[in-house]
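Dear colleague,

Please find the structure below. My notes on it follow directly after.

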Number of protein chains: 2
Amino acid sequence: MLLRVGELARRTGLTVRTLHHYDDIGLLKPSTRSDAGYRLYRRQDVARLHRIQALRSLGMSLADIGTLLDQPSPPLSTVIERQMRLLEHQIVQKTQLRDRLANLHRQVVNGEEPAMDDWLKTLELMTMYDRYFSPEELDRLPLYQADNARWAEWKDLVKEAEALLQQGTSPASSEARDLAMRWMAKLERDTAGDPALLEKLNAMHANEPDAQEQLGISTRVSDFVMQAFAEYKLTFYRRYLSDAEFDLMRENYPQCMHEWPPLMARLRQLLEQGTRPEEPAAQQLAREWLALLQRFAGDDPATHQKIRQANEQEPALKDSTWMNDRMKDYLGQAVASLTAG
Amino acid sequence: MLLRVGELARRTGLTVRTLHHYDDIGLLKPSTRSDAGYRLYRRQDVARLHRIQALRSLGMSLADIGTLLDQPSPPLSTVIERQMRLLEHQIVQKTQLRDRLANLHRQVVNGEEPAMDDWLKTLELMTMYDRYFSPEELDRLPLYQADNARWAEWKDLVKEAEALLQQGTSPASSEARDLAMRWMAKLERDTAGDPALLEKLNAMHANEPDAQEQLGISTRVSDFVMQAFAEYKLTFYRRYLSDAEFDLMRENYPQCMHEWPPLMARLRQLLEQGTRPEEPAAQQLAREWLALLQRFAGDDPATHQKIRQANEQEPALKDSTWMNDRMKDYLGQAVASLTAG
DNA sequence: ATTTGACCCTCACGCGACGTGAGGCGCCAG
DNA sequence: CTGGCGCCTCACGTCGCGTGAGGGTCAAAT
């Protein structure tokens with residue numbers, strides 16, 4: 001019952017080279033050699049090889065197999081669980097990849113072979129998202145899973161904005177304000193109403209001029225929309241404020257627009273962590289929130305009161321983007337406990 | 001707008017080494033170098049890198065990306081489809097692997113950590129199956145997807161057979177015949193009634209003495225069961241035949257047992273291919289079938305008629321293993337057209 | 001003017017599981 | 001004794017980089 005390599009290879013479906021390799025790395029050494037130096041395998045070697053093949057079929061590395069087989073009492077279930085987790089992860093990865101490819105393929109087929117350029121632009125956007133968002137975040141980011149229709153909507157919005165810019169329309173005009181409202185509503189929907197996602201998205205666009213170009217969102221366009229959105233909200237504050245108050249706010253409010261998302265994100269995080277409004281972290285947030293308020297509304301408590309009133313009574317402000325009632329309540333409590341304490 | 005490697009690496013999330021590598025293999029060469037030899041990347045280089053990253057995110061190899069990007073009009077959908085097929089295949093593979101692992105894991109957990117040996121034996125069996133059956137066949141092979149209960153049933157059967165052998169029981173005894181009947185019924189179920197699978201299974205067991213030992217099915221045991229199954233069937237033929245006919249059959253029938261599966265497999269294949277019974281291939285099969293019949297029943301047509309009668313009237317023979325009515329009809333037609341022609 | 005420290009260069013080995021020769025011996029049949 | 005097959009060892013190639021080693025470059029701080 002002594003087998004030479006070729007014979008063993010034939011019977012196990014491996015190649016001779018593979019058996020040589022196993023010999024080299026010490027995974028399976030033939031128990032004898034012939035006078036001429038031929039490898040001679042005994043029954044026990046064959047048995048070990050069978051085990052090796054079995055464990056290999058689980059995707060285990062040769063090194064792992066070696067240590068496993070040389071241990072007297074291998075930690076079976078631990079090893080299996082590790083392998084399963086590894087596989088599970090790979091399956092998820094590849095499935096996501098395949099789905100994305102399927103999407104892109106549909107696009108290519110339906111769209112009558114768009115130019116390589118367009119197709120690659122979409123793809124480049126997705127890989128940028130990959131860099132800026134974790135896999136879990138990507139799962140929650142509707143923009144990432146967007147289909148062609150949704151991208152088309154964005155392109156239309158951008159085109160609309162470009163047209164307004166071309167005509168030299170003011171951000172304060174009703175057309176611009178209307179556009180900004182729709183823009184932000186869509187943006188809120190496409191970030192799943194999560195200010196943290198919005199913030200990352202902003203960071204991405206700030207860092208990657210190329211990303212904006214993929215969609216046609218130039219800096220000019222996004223500045224314009226931001227301005228117009230500020231104007232949109234200002235119209236609702238108008239009748240709650242005196243002329244002086246409004247002038248102050250009108251001057252400073254637009255510059256503060258980009259400061260909200262980080263604060264909202266932190267607010268939401270505190271809420272989700274279950275931090276109570278009296279705790280220091282919440283109070284710190286409240287302080288920063290008030291500081292921001294003061295930057296565009298001055299430090300008169302009466303003015304602040306008016307703004308709060310507007311926020312509560314104006315439907316457009318009440319359903320403010322990226323903020324829900326729970327967040328507002330929480331903020332209110334934090335502010336109250338701050339001023340009380 | 002000239003970027004050095006470090007800057008480009010930071011902005012793309014790659015490492016400097018990766019960019020060096022891309023340069024080495026000619027995938028992305030910086031369009032300029034500084035006097036000191038520093039790599040300097042232009043906008044167009046960055047654009048190309050974005051494309052590279054995009055295609056990489058699809059799991060494409062660097063070589064493929066290179067040829068793709070250097071072509072003037074890349075065959076987009078072909079490439080995508082190829083990638084998708086590749087991914088699909090990997091997903092299926094890994095999923096099967098994970099499922100198998102899950103099964104094995106259950107076994108380990110429920111079975112109170114069986115000895116590594118037992119566990120590995122099961123695993124070794126599965127890898128042997130992998131070698132002898134194609135993935136599609138494995139899908140159709142119930143034995144392969146067997147759970148512990150089913151394996152336990154087989155072990156019980158084997159134990160039963162071993163006990164009979166120990167006691168020196170004759171294969172012609174009623175206990176042996178009953179066991180053989182149950183054995184074959186289970187075997188038919190576990191090969192999905194497909195004689196082709198049965199044949200491969202037989203081939204595997206013939207080539208791999210180790211495989212038999214995993215289940216405890218030694219050559220002695222399988223020979224015994226085969227004998228007993230012949231005896232089982234013979235009991236039903238008994239009362240249709242004269243003493244002389246039966247003696248002849250009794251002597252030769254057992255030796256012919258292992259010749260049926262290949263014929264049945266070919267029969268089934270012809271049927272599935274839609275080959276008509278008058279065609280040469282079917283007639284050739286009919287000839288071989290008759291030749292086999294003659295080997296254990298002689299060449300008297302009257303005897304053959306009696307056997308056919310038994311096959312039709314005896315329920316135990318009628319529901320003969322691995323043969324269904326369509327196969328029998330087809331065979332009958334082939335034989336008829338052979339004798340008529 | 002020099003030193004520091006961050007950045008850049010090339011060269012080259014390493015991984016994991018073998019594939020693929022090259023060059024040379026052993027063994028058996030004709 | 002010769003041809004053919006199987007065996008041996010040695011060693012490079014694969015793929016996508018990681019990880020140093022050993023040494024220049026450049027701007028700011030001393």
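**Contacts between the chains and with DNA**

Between chain B and chain A there are five residue pairs in polar contact, both residues being at pLDDT 80 or more (a polar contact is a pair of N or O atoms within 3.5 Å; within protein, one must be able to donate a hydrogen and the other to accept it, and residues adjacent in sequence count only if both atoms are side-chain atoms). Helix 5 of chain B gives the most to the side that touches chain A, with 20 residues (helices are DSSP runs of H or I, at least four residues, numbered from the N terminus).

This is a predicted model: local features need pLDDT of at least 70, side-chain atom pairs count only at pLDDT 80 or more, and totals for chains, interfaces and linings use all residues. Residues are numbered from 1 along each chain as its sequence is written, chains are lettered from A and ligands numbered from 1 in the order in which they are written, and side-chain values use heavy atoms, with hydrogens and water left out.

Two salt bridges are counted between chain B and chain A (a side-chain nitrogen of Lys or Arg within 4 Å of a carboxyl oxygen of Asp or Glu). One salt bridge joins the side chains of Arg98(A) and Glu88(B), at 3.0 Å from N to O.

Phosphate oxygens of DNA strand D lie 2.8 Å from a polar side-chain atom of His20(A) and 3.3 Å from a polar side-chain atom of Tyr22(B). For Leu62(B), a backbone N or O atom lies 3.2 Å from a phosphate oxygen of DNA strand D.

With kind regards

Methods
Helix = DSSP H or I, 4+ residues; strand = E, 2+ residues; numbered from the N terminus.
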